[in-house]
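The points after the display are grouped by topic.

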Amino acid sequence: MNKSTLIAALMAPALLFATSSCLSSDNNNKQESTLNYGGNQCFNMVTDSETGDYFISPAPNYTFVLDLINLQGTASMSGIKFGSNGSPLSFKLPAMPLTFDNKDYSYSLKGSLLTPEGVAEQYVFNNFNMRVVERTIQLPTGYVYAPIFDINFSVNGRYRFTAFPTAYFLLGDVMAHPTGENASGEDYKSDDSVVAIALTADKTDATKYTAALWIYNASFSENMSDMTIYAENLPVNITPYGFSIVTEEGEAIKVKDSAGEIKDCSFSNIKVSTSVPSGVTSLEFDADLKALQPTKPIEPCHVSANLTYYYKTENN
């Protein structure tokens, strides 16, 4: 299957199936879709442009009502904080133009100098940007709905907000370079793997996170059958522009599959860097999976990948 066909399969515009038609009071037909995003799906990274300070604000909620006939939409939000100890506030913004991009199936709302309803001029949204790509990804267990939300805005010319997803489904070629004593030296490429990163908030401090790294259809050599493997409880460092995962040098991280821990198999020297909201990610780690298939040993290898939300376009 060529990558163009794969893109079509992955980028199915599910929003078209989420819309509902209704008849307004003035007998004009309209078709609206409501998108909800928030809770454990994301957190806000808030930056004070005057001081340079930033903090994580967990579990905001966003609701977007899109009028697909008149091509406009509104945004409502709650759990918005301007300080780490500030009170959560709610806002509803006036209607903004709605655009649709046929290339990536994205819907966008953009506005500037917006005054929310009911707050006079105490708060002014200097700019507001929302872009959502309706996306469905095929995993070994079936299809999963995995939309891409890009939400960012600034308020009162000082506070910059970016919504960070807590789940990332990333695509791209995964390369494995054998490093064992009997290594052939030839790299092995897997072009149908899906890499997922899940950020989980600490139960006692919702501003601290650990990560789980999943690889679906993982295959690092010709001897390795496709499988789903993952490592969890990985350390995360979050900045206003993205996050990184770096494990201690030489530390063996246990690898698991659907049945639990895989005996004597591990990842080490994990390094991940992800930009938000673009999803551009670099990934590398060392894999020791010799014990996975004793009769057909898998050579230790160094795994690397450059990933994004999309497959690269190819014509063949």
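Glutamate 186 is placed in the loop that runs between strands β16 (174-178) and β17 (188-190). The model under discussion is a predicted one.

**Glutamate 186**
- With a relative accessible area of 61%, glutamate 186 lies over the 50% cut-off and is therefore classed as exposed.
- Leaving aside residues up to four places away in sequence, glutamate 186 touches Ala176 and Pro178.
- Alanine 176 is ten residues from glutamate 186 along the chain, and 8.8 Å separates their C-alpha atoms.

**Aspartate 67**
- Strand β5 (residues 61-67) contains aspartate 67.
- Aspartate 67 has a relative accessibility of 7%, which is under the 20% cut-off, so the residue counts as buried.
- Beyond residues up to four places away in sequence, the contacts of aspartate 67 are Lys30, Gln31, Glu32, Gln72 and Leu98.

**Nonpolar cores**
- The largest nonpolar core comprises 45 residues, and those touching the most other members are Tyr168, Ile197, Phe220, Ile229, Phe267, Ile270 and Phe285.
- Another core, of 33 residues, lies apart from the largest one and includes Tyr62, Phe64, Met96 and Phe125.
- When residues up to four places away in sequence are not counted, tyrosine 168 touches Val195, Ala196, Ile197, Leu199, Phe243, Thr274, Val276 and Tyr309.

Key. Residues are numbered from 1 along each chain as its sequence is written. This is a predicted model: local features need pLDDT of at least 70, side-chain atom pairs count only at pLDDT 80 or more; totals for chains, interfaces and linings use all residues. Side-chain values use heavy atoms; hydrogens and water are left out. A nonpolar core is a set of buried Ala, Val, Leu, Ile, Met, Phe, Trp, Tyr and Cys residues joined through side-chain atoms within 4.5 Å. Buried means under 20% relative accessible area, exposed over 50%, partly exposed in between (1.4 Å probe, protein chains only). Contact means heavy atoms within 4.5 Å. Helices (H or I, at least four residues) and strands (E, at least two) are DSSP runs, numbered from the N terminus.
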